[in-house]
Amino acid sequence: MKGLNDLLIEVARRVPAFGGMFIDEEGRLAVYLLDVTQGAAAEEAIAAIFGRERIPRGGTRVLQGRYSFLQLEEWYGRLQAVFEVPGVSFTDIDEANNRLAIGLEEIEKRDMVERKVGELGIPLEAVQIEETGPIRPVDGLS
Amino acid sequence: MKRSLGITLAVALIAVLVIVGGNLTFTTTSVDAAGPPMASGPGELERLHQRMLPLFEIPGVVYTDALEEQGRLEVGVENKGLSQQVTKELDRLGIPPAKVDIVETKPIVPVVAADTLQSRIRPLQGGIQIAFSRYVCTLGFNAVRLSVGGFVINSHCTNKYFALDGTQHYQPLRATGNLIGTEIADPSGTKNGCPRGKVCRYSDSAFDQRASGVDATLGSIERPDSVNTGSLTIAGSFTIVGEATSNALVGETVNKVGRTTGWSQGNVTKSCVDTGVSGTNKILLCQDWVNASVGGGDSGSPVFEINSSNDVTLYGILWGGSTDNKTFVYSPISAVQAELGPLTTH
């Protein structure tokens, strides 16, 4: 099985400046690049990996990225350890913000999580922390 | 106009059993001008009214009524061309036609309560209520796995989360005759590649073998009559025509159909997110989050993208949500198939 991150890594191996992608509010494929002149190469790689049909009719637009996807993925491999902090609801490579992201059930745990991120050798400025509340199964009583 | 309680409807004679819970509505248009009131009292009026019952043998007679305040009788007909036939029959019944107003009215049709996502539904389709133990969930989608016909549900909608225990599922509720399937696949979680002290899987999914004698429509998901309204009324079906090969992208629009909040549509806000299940040691790896409504009982809802009209691409199975019920989380279909094995879904 290939998750989204596996596919984005394949794009990044072809175009190392690639930092991630998402569909923007205008329906275009927004692509983060460290080198914004690499737009055509990135679009070619995305079409090859995802299929040309995944590129919306609105086309693509390039955004200035700060981190390459390969760098984010390397940090993300370490980031799983933050689940050792009770109340972490998610970890993510946030493709829409070219950052990593951590979710907390209660924002009061922010200091503990930031400490853990530091211990893992991940720069704090590369991580966005947000409060999500608990994520629960949604079965119901009959 | 005050009508007597004794109004008699043709449909009442033939359809009373199927209009329970429904509404009856009609409008009337006068055909004949009202004549003089009857000289006799209300008792006599009602006695004549009761004698009008054979009028319903004339096709197109809708109702008869005794109008107490006017001291007159009334017959409703679907079209005024029936007036002559009605008048002849009134004569035969010994009821003076001059005392009866014949009015045109629209036909009254029974309004049968429509099926909802919580109704008993056969053949089985995705998006309908299922039950086990003391809980209700949603049937994800029908599928064939290793030549066995069945359906996909959430692992947490079985008696043991991430474990095969042969849970029996019912539709819509636990009752004799409602058994629809038995769990035959529900992989255990792994600690490999999982944060310390946690158990991980890539999907909250399990597979039920369909009970014998229960029909299902492969590729069909119930379609409620409106989106993002909470309506549970079924108005048709979506048809699965393909499956997503990976997670959705952030910003893509997806849909779900669930027994509690119906058809919801929203944008993917996070993709391929390792998600901790609150209150457990379980982590679901590489899940997608969507900003759309969800509620208790929606677990198992099929998640899909609409291609055109009713044709959809299956994206996964919903399992969780935020406590404000504004975000749902689903397991991608690619992860479901990686864990349950190849599935034929359409």
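Which residues are buried in helix H1 (residues 4–14) of chain A? In this predicted model, residues are numbered from 1 along each chain as its sequence is written, with chains lettered from A and ligands numbered from 1 in the order in which they are written.

The buried residues of the helix are A:Leu4, A:Asn5, A:Leu7, A:Leu8, A:Ile9, A:Val11 and A:Ala12. Here buried means under 20% relative accessible area, exposed over 50%, and partly exposed in between (1.4 Å probe, protein chains only). Helices (H or I, at least four residues) and strands (E, at least two) are DSSP runs, numbered from the N terminus. Within chain A, these buried residues pack against strands E1 and E4 and helices H2 and H3; from chain B, strands E18 (262–276) and E19 (282–290) join in.

Turning to charged pairs, the structure holds 16 salt bridges over all chains, each a side-chain nitrogen of Lys or Arg within 4 Å of a carboxyl oxygen of Asp or Glu. In one of them, the closest N and O atoms of A:Arg61 and A:Asp24 are 2.7 Å apart. This pair links distant parts of the chain, 37 residues apart: A:Arg61 sits in strand E3, and A:Asp24 in the loop between E1 and E2. A:Arg61 counts as partly exposed at 30% relative accessibility, whereas A:Asp24, at 8%, counts as buried.

Notes: Predicted model: local features only at pLDDT ≥ 70, side-chain atom pairs only at ≥ 80, totals over all residues. Heavy atoms only, no water. Contact = heavy atoms within 4.5 Å.
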